[in-house]
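Here are some notes for a colleague who is meeting this structure for the first time. Please read them with the model open.

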Amino acid sequence: SSGINAEYGGIRLNKQPPNITFKKKDKGGINLTTVVAQSELDLNAVKQILSEYRIANADIILKEDATCDDLIDVIEGNRIYVPCIYVLNKIDQISIEELDLVYKIPHCVPLSAHHKWNFDDLLERMWDYLKLTRIYTKPKGQLPDFNAPVVLKDNDKTIEAFCNNLHKSILKDLKYALVWGSSVKYQPQRVGKEHELCDEDIVQIIKKH
């Protein structure tokens, strides 16, 4: 029921914004362009939905097989798209066969809070759903610090973002960075500020002076 309440509240769980371009204009009527075949929306359906909002002039481009609800969401323009994980507790009280079925439910993590079972899976799923990247620092001559990663957002996980996250002054002193992990071919590899990091890479900053 929480998922249904969220839908009515304008929150869309585990969905991407519809791939629809919608632009109101002053004149010219309704102009509909479909990039892919539509199973639900045609010009009449689009005009009917737009008339509910008293919109008589607009350009609409449907870049996916969209639903009426998708178009309404785009017209409203105030929907919030949120990742969501459903945690199912007390797996210690069900059979292996039932657990196999639970694992097939989308966006679900079964666990046992009492026995602390499957907490690691939940943690990994949270990092994944939040699209966060963990980067570990390695001071020169020391082991990497695996306890306090620098956390970067998925849309900006460059060496530059990593440096700015540590301290704004680091970037101007940066000579290059040494990186260990899946974002590089060699271990370590010398990279510049534009290099894009991957989750759980290890970075050592080499300064100019």
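Which residue in E4 is the bridge partner of Ile20? The points below start from there; note that the model is a predicted one.

1. The bridge partner of Ile20 is Leu62, in E4. E2 and strand E4 (residues 58-62) are joined by 5 bridges and run antiparallel. In general, the strands of a sheet pair through backbone hydrogen bonds, in either a parallel or an antiparallel way.

2. The sheet that holds this pair is open and has 3 strands, in the order E2-E4-E3, with mixed pairing. Strand E2 (20-24) and strand E3 (30-34) are at the edges; each has a single partner strand, so one side of each lacks a neighbour in the sheet. Direction ignored, neighbouring strands here are turned by 5° against each other on average.

3. H3 lies across E2 and E4 and runs at about 45° to E2.

4. The two helices also pack on each other. Helix H2 (residues 43-52) and helix H3 (residues 68-76) meet at an angle of about 40°, and their axes are 11 Å apart. H2 and H3 are therefore oblique to each other, and their crossing is right-handed. From H2, the contact is made by Val46, Ile49 and Leu50; from H3, by Cys68, Leu71, Ile72 and Ile75.

5. A second open sheet has 5 strands in the order E9-E8-E12-E10-E11, again with mixed pairing. Its edge strands are strand E9 (145-153) and strand E11 (189-191), each of which pairs on one side only. From one strand to the next, the twist averages 40°.

6. Within that sheet, strand E10 (residues 174-180) is joined to E11 by 3 bridges, and the two run antiparallel. Leu178 stands opposite Arg190 in E11. Helix H6 (residues 159-166) lies across strand E8 (132-137), E9, E10, E11 and strand E12 (201-207), at about 115° to E9.

7. The side chain of Ser112 makes a polar contact of 3.2 Å with the side chain of Asp92. The Ser112 side chain also reaches the backbone nitrogen of His115, at 3.1 Å. Leaving aside residues up to four places away in sequence, Ser112 touches Asn89, Lys90, Ile91, Asp92, Trp117 and Phe119.

Definitions and conventions
Residues are numbered from 1 along each chain as its sequence is written. This is a predicted model: local features need pLDDT of at least 70, side-chain atom pairs count only at pLDDT 80 or more; totals for chains, interfaces and linings use all residues. Side-chain values use heavy atoms; hydrogens and water are left out. A polar contact is a pair of N or O atoms within 3.5 Å; within protein, one must be able to donate a hydrogen and the other to accept it, and residues adjacent in sequence count only if both atoms are side-chain atoms. Contact means heavy atoms within 4.5 Å. Two strands pair if DSSP finds at least two bridges between them. Helices (H or I, at least four residues) and strands (E, at least two) are DSSP runs, numbered from the N terminus. Axes are lines fitted to C-alpha atoms, for helices over the stretch in contact, and angles run from 0 to 180 degrees between N-to-C directions. Angles under 35 degrees count as roughly parallel, over 145 as roughly antiparallel, 65 to 115 as roughly perpendicular and the rest as oblique. A crossing is left-handed if the near helix is turned anticlockwise from the far one by less than a right angle, and right-handed if clockwise.
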